[in-house]
Amino acid sequence: MRTLALLFALLSALPSRGQEQRLYLSGTGLSDTRTWEFYCTEGRRSGSWSTIEVPSQWELQGFGAYCYGRWYKEGPKHPPREEGIYRLAFDVPAAWRGRAVRIVFEGVMTDTEVLLNGRSAGPVHRGGFNEFSYDVSRLLRYGRTNRIEVRVAKESADKSVNAAERKADWWIFGGIYRPVYLEARPAVHIDRLALDPRADGTLRAVVHTTPLPAGCSLTLALDGADPRTVPLGTGTRHDVQTAWEGVRTWHPEHPQLYTLSATLRDARGRALHTTSERIGFRTVEVRPGDGLYVNGVKTILKGINRHSFHPDGGRTTDPSISLADGLLIKEMNMNAVRVHYAPDRHFLDVCDSLGIFVVDELAGWQNAYATAVGSRLQEEFVARDRNRPCVILWSNGNEGGWNTALDARFAELDPQGRCVIHPWADFGAIDAHHYPAYQTGVARFTNGRKLFMPTEFMHGMYDQGHGAGLEDFWAQYTASPLFAGGFLWDFSDNAVRRTDRGGALDSDGSNGADGILGPYREKEGSYYAVRDIWAPVQFEELRITPSFDGRMLVRNGYLTTPLSACTARYRLLAVPGPDAGEVRVMSEGEVALPALEPHCTGYARMVLPDNFFEADVLEITTFHPSGLPSATRTWPVDQARVYADKVLPGPAPAQSASLHAEQGAVTLAGGGVRVRFDTATGLIAEVRNAAGILSLAGGPVPVGMNARPFRAEPRMEGDTAVLTIYYKGAVDSIRWQMTPAGLLTMNAVLLDKASGGSGFDDALTERDVLNFGFTFDYPEQQVRGVRWFGRGPYRVWKNRLRGVNLGIWEKAYNDTQTGAAYERLVYPEFKGYHADLRWATLQTRESDFTVYALTDGVYLRLYTPGEPADNKAFRAYPEFPAGDISFLLEIPAIRSFKPVSEHGPRSQPGNIRVKKGDEGIPVRLAFDLKGKN
């Protein structure tokens, strides 16, 4: 409902076109289409006339052939080359006679020839990403039926267009994929405006008109302000300048928009034509060797790359999709987006309205347009987007796909003089290096003098990238005064629905599986990590100790907003054990934020309620000045062992546990639970409870260390059965205790050298520790789900621990392969590592069982995610430990395009050093194996 309300508000805010009238020949987007006649020359449904919905990509309507733009790496000599012919009969109002009428195509792929009533509307348009139009005033039959025929070639006759647009790392489609309409204006009219509204209220305008009679003037009106009228000459270009006092500036933190109406008047003051634009007053400066400034404030872009894409429409989208995407971008605490080609008009409407900076790109993926066709496309591209307050930089192609002959032309077409960049290159004032390493850039970022703004970094293939390693990269980057921001790759998985494969989603393997969101905008774990890392209010490292007095060090990361404009609230949570109900709010209230200017640090304060240290979790949510939440963070109030003492199963019945030793085995029993250990291996051999056999076995196997048992000592200690197994190597001993109530505890001591050590020189399997702890076997096919108290609900990696919060979470078993196997895509993923375990109940088809962590910092590993079968790149995941369920003190990082070795310190393997006299490292767990269903 909130999204629909925002969409209505957005569309209601669009300016009226005054005396301009529009007649749509197509629908307006994916959810609103119109049927045309259609003929396809090759591929599916070719060779006969049929019908098609417009706008659309014809592949998704069942015609032609699908193709990903890296076809040349797969072996074919050329991509599909089908052509399509569109026909439509339509009526034109008789009242339009004598007006200037043009037909507008907002996007057609790729070469387009237009015939109106059998006559050519103009030269063939080449290039699939740009809006174009023809003056058809003389071709129309007013008050009568007209016929249009549009001939579209999927491949261009211009080789440079194909190289720039269709030999690329994206899906290539065919068809009229954006709206088509007729637009009628008075015979004497304003053709277009080129505007430069600046932060001080001045407005420079280049006004293009039809030839004017003598004595004409232009009236500029700004919402309710006093209008300004200036005289015009008789030519077609008119330079105008005026100013208003007291305007509010446009900025992502306060995106103030105004409606500017421009009225052309004749010598007697009569209105000839009125048009309007939504504008924002703001000044963008790139100061070489200094920074990117917006309205005089140094600015860092927190951005993401985005394709105009939807699984059901290809590049055919609609305003609701654009709004939903804009809201997702803002919710991730981002303030910028980079596009690879001209996006939909309605996406720029959203960016203007919500406050999202845009780096607007002339297409060209690693190959450039030739100058002749490129200059025409550049003019169309700039003319459409230059008045947008959200557009702050022009991008001339991508990764070598720039034609340097076009660079200077941007300034000629754009009165704002926006800076031009070459993504991935060190060009002009900005180094836009792609996928830098953490220690990037001798003579570039590290000790260079250029502004640094990677237009692609943190590549998100499958579950990699985005949040994985971002915390380190961001700290490293923002420490430099030359850092201007960066753009994650990519917004959503570009998986298209294949009508030739029964509706299956296809991302062309790893090529299109780069999103922080799934194809239908399903949120992946990195979504929440980025939201947390880029939240404008950041808490410095906080650990609650007995001396905690409610003071917390915070930093204001806004660009212009004082922290006094924001709010924060806390909740104190009591978290029960697995069978004791739901989380309870013990207390809640305000957190007093300090009155900090941007980029300053100070103390936030909360008044501790009397029951503070009785709670289990402190939760704090910060809110933007708008009242929308920016992030929620949680901290444990006490240690795992203290929490466990409160929730572990209660005292035993009036009976004793028992112990049975036999050749090579010891069985501990109590409370209806029997656990048999193999004393030669130290592993659990069998578990039985009232429901029968519970297939937990094959553990504890040491992970990341070498150890072998050499002695087992069973004994009774009062009413408790005890089995201590001593090891040579990294494990000193593991003490198992079975209580009369059936609770089995495991107390392992690792790397204990208090007595001089007991084993191998190579106790650790690797000097760099990737996984470290213990693992067990439990058959995956028996698992139904898991309910746990820890950080969730998403899995984590060592370099992606942000964005998950302490609480009770539950998820059913799934075999999701992030960014792959879309037919079984379920988020959050079941398999993987989960942080800060307190307890977890594995829900099984045999009987449920619960494991408690009595040691802080334990990671719960649940099974091993499958490698995507369609992976065309490097391995998706790091190596997982053996076994099925693990309890670990260290887990691996995941790569993000660059290998882990090129990431920051949080991505590097752990290192363990233990000296003689150290007490060793404890791992304490408790197993409730009584079973319940």
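Q: In which helix is the place of Ser526?
A: This is a predicted model, in which local features need pLDDT of at least 70 and side-chain atom pairs count only at pLDDT 80 or more, whereas totals for chains, interfaces and linings use all residues. Residues are numbered from 1 along each chain as its sequence is written, and side-chain values use heavy atoms, with hydrogens and water left out. Helices (H or I, at least four residues) and strands (E, at least two) are DSSP runs, numbered from the N terminus. With this numbering, Ser526 falls within residues 525-533, which form helix H8.

Q: Is Ser526 buried or exposed?
A: The terms rest on relative accessible area, found with a 1.4 Å probe on protein chains only: buried means under 20%, exposed over 50%, and partly exposed in between. Because its relative accessible area is 2%, Ser526 is buried.

Q: What distance separates the C-alpha atoms of Ser526 and Arg802?
A: Apart from its neighbours within four places in sequence, Ser526 is in contact (heavy atoms within 4.5 Å) with Gly465, His466, Gly467, Ala468, Ile516 and Arg800. Although Ser526 and Arg802 are 276 residues apart along the chain, their C-alpha atoms are separated by 8.6 Å.

Q: How many disulfides does the structure hold?
A: A disulfide is counted where a pair of cysteine sulfur atoms lies within 2.5 Å. For Cys390, which is buried with a relative accessible area of 0%, the nearest cysteine sulfur is that of Cys351, 5.1 Å away. Cys216 is also buried, with a relative accessible area of 2%. Over the structure, the number of disulfides is zero.

Q: How many of the 10 residues of helix H4 are buried?
A: In helix H4 (residues 345-354), which is mostly covered, the buried residues are His346, Phe347, Leu348, Asp349, Val350, Cys351, Asp352 and Leu354. Just after H4, Gly355 takes a positive phi of about 90°. Of the 10 residues in H4, the number buried is eight.

Q: Which strand gives the most to the lining of the largest cavity?
A: On a 1 Å grid over the protein atoms alone, a cavity is a set of points where a 1.4 Å probe fits but cannot get out, and lining residues have an atom within 4 Å of a point. The largest cavity holds about 90 Å³ of space, a volume being the space filled by probe spheres set on points joined across faces, edges and corners. Strands S58 (839-844), S59 (848-853), S60 (859-862) and S61 (885-890) each give two or more residues to its lining. With three residues, the strand that gives the most is S58.

Q: About how much space lies in the second largest cavity?
A: Its lining includes Tyr68, Asp169, Trp170, His307 and Trp489. In this second largest cavity, the space is about 50 Å³.

Key:
On a 1 Å grid over the protein atoms alone, a cavity is a set of points where a 1.4 Å probe fits but cannot get out, and a pocket is an open set with protein on both sides within 12 Å along at least five of seven lines; lining residues have an atom within 4 Å of a point.
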